[in-house]
Amino acid sequence: MIIPFNKVYHTKNEEEYVLEALRSGKHCGNHQFCSKVTDLMKQKHNFNEVFLVPSGTAALEMGAVLADIKPGDEVILPSYTFSSTVNAVILFGAIPVFCEIEKETMNIDATKIEALITPKTKMILPIDYAGISCDIDEIMSIAEKHNLIVMQDCAQSYGTYYKGKASGTQAHLAAFSFHETKNFNAGEGGALVVNKKDWLERAHFIQEKGTDRRLVIKGVKSKYSWVDKGSSYLLSDILAAMLLSQLEEEDKMKALRSNITKGYTTLFNSYVERNQLSIFKVPKNVQINHHAFWVIFDSQENAELFMAGLREKTIYAYIGYMPLHSAPMGLEYGYDKNDLPLTEDLGNRIVRLPFYTELGEIGLDYCINEMSNQLNKIYS
């Protein structure tokens, strides 16, 4: 049996919806399926305004434009994240200020943010790693105190809840991904949630290439004009059709994925109790969407032995992010790997396990049995 790291999950209405979108002749953004997706997202999770975009990366970039990020602005973010998080702000000339993370969640350590704030700080940009919400209440409190913008990178946390509220509903801006590696898949796709009402009109202009075309569609104007910065931040209606079918089955898919979390947790708990490795701890006020599962081994060598042993059994685990502060681009900004020692250490010892919806039905027992064998070899 082959257990890939990720595998797309097909839902029952995808082909029907995609064909309907194809035959409609309306393939670009903001047509019927885009509207159905945004309506579903708002009704199910109480989002304010949703803008469907081509990717999670595009959502972050559109958010940076909307937040008016300019050259010289400082943006505080974790080093342990994907390159899109930081690229979204340095593209507009901002300076990344990397913050340490929490061992229990791999999210930004909110207790260390204030020490990094300077007169140049414009934004805090936390992520929800592996679908576990960052401590958004504390981050918003810090932002309010210092008059900062918060853009939450929710690429992995669609369907996660923090204190009874959906991830992405509390920050000023929130960026989601619907890439094929995420729980809900449009192939490529994303969404920017805008929670500041006075930013909504401008967000529409930015999404439509900096024009006020939306006012023509609404009948307010007879001609549209170039009124702002912008780009083509629009998701094709064909991809939205695929996404709609995925989101309609959110509860079923989340239940299947929860089986994987339970199985892996049971497997690793005894090793955690013996302090041989650690796994994530879900805060009591968070309900996760079961996006991923990661393990911190006691050494980089054991992490590599575990992955190599699984590959021999055609089970594909993977490393985590390489910390950004010690990457070539991070070094160009003047960082050294020793500047964030916890991030550097954990980033070297983390292993991400295979995690995809179908695994909750097929292959999980084989996967867990072989993982158990590898762990016994390493720690016997």
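**View 1. Ala130 in its loop.** Ala130 sits in the loop between β4 (121-124) and α5 (136-146). The model shown here and in the views below is a predicted one. Keep an eye on the backbone: the phi of Ala130 is near 60°, a positive value in a residue other than glycine. For background, most residues other than glycine have a negative phi. With a relative accessibility of 6%, Ala130 counts as buried.

**View 2. Asn275, another residue with positive phi.** Here we look at the loop between α9 (250-273) and β10, where Asn275 lies. Asn275 is not a glycine, yet its phi is positive, at about 60°. Is Asn275 buried or exposed? Asn275 is exposed, and its relative accessible area is 69%.

**View 3. The four-stranded open sheet.** In this open sheet, 4 strands follow the order β10-β12-β14-β13, and their pairing is antiparallel. The edges are taken by β10 (277-279) and β13 (318-319); each has a single partner strand, so one side of each is left without a neighbour in the sheet. Strand β13 runs antiparallel to β14 (residues 350-352), and 2 bridges join them.

**View 4. The three-stranded open sheet.** This open sheet has 3 strands in the order β7-β6-β11, again with antiparallel pairing. Its edge strands, β7 (165-166) and β11 (286-287), each pair on one side only. Between β6 and β11 there are 2 bridges in the antiparallel sense. Look for Tyr161, which stands opposite Gln287 in β11.

**View 5. Phe98 and Tyr335, an aromatic pair.** The structure holds 21 aromatic pairs, and this view picks out the one formed by Phe98 and Tyr335. Their arrangement is edge-to-face, with 5.1 Å centre to centre and 65° between the planes. Which parts of the chain does the pair tie together? Phe98 belongs to strand β3 (residues 95-99) and Tyr335 to the loop between α11 (328-332) and α12 (341-349), so the pair links parts that are 237 residues apart in sequence. Phe98 and Tyr335 are both buried.

**View 6. Tyr158 and Phe184, a pair between two loops.** Tyr158 and Phe184 also form an edge-to-face aromatic pair, at 5.6 Å centre to centre and with 80° between the planes. Tyr158 lies in the loop between β5 (149-153) and β6 (161-162), and Phe184 in the loop between β8 (173-177) and β9 (190-194), so the pair ties together parts that are 26 residues apart in sequence. Both of these residues, Tyr158 and Phe184, are buried.

**View 7. An aromatic cluster and charges over rings.** Ring pairs link a set of residues into a cluster, including Tyr80, Phe82, Tyr129, Trp294, Tyr321 and Phe355.

**View 8. A nonpolar patch on the surface.** Ile95, Met329 and Tyr333 form this surface patch, and together they have about 250 Å² of accessible area. One of them, Ile95, is found in strand β3. Ile95 is partly exposed, at a relative accessible area of 33%.

Definitions and conventions:
Residues numbered from 1 in each chain as written. Predicted model: local features only at pLDDT ≥ 70, side-chain atom pairs only at ≥ 80, totals over all residues. Heavy atoms only, no water. Pairing = 2+ DSSP bridges. Phe/Tyr/Trp six-rings, centres within 6.5 Å; stacked < 30°, edge-to-face > 60°. Buried < 20%, exposed > 50% of the residue type's maximum accessible area, 1.4 Å probe, protein only. Patch = residues over 30% accessible without salt bridge, like charges linked within 9 Å, V, L, I, M, F, W, Y side chains within 5 Å. Areas by Shrake-Rupley, 256 points an atom, 1.4 Å probe, with all protein chains shown as cover. Salt bridge = Lys/Arg side-chain N within 4 Å of Asp/Glu carboxyl O.
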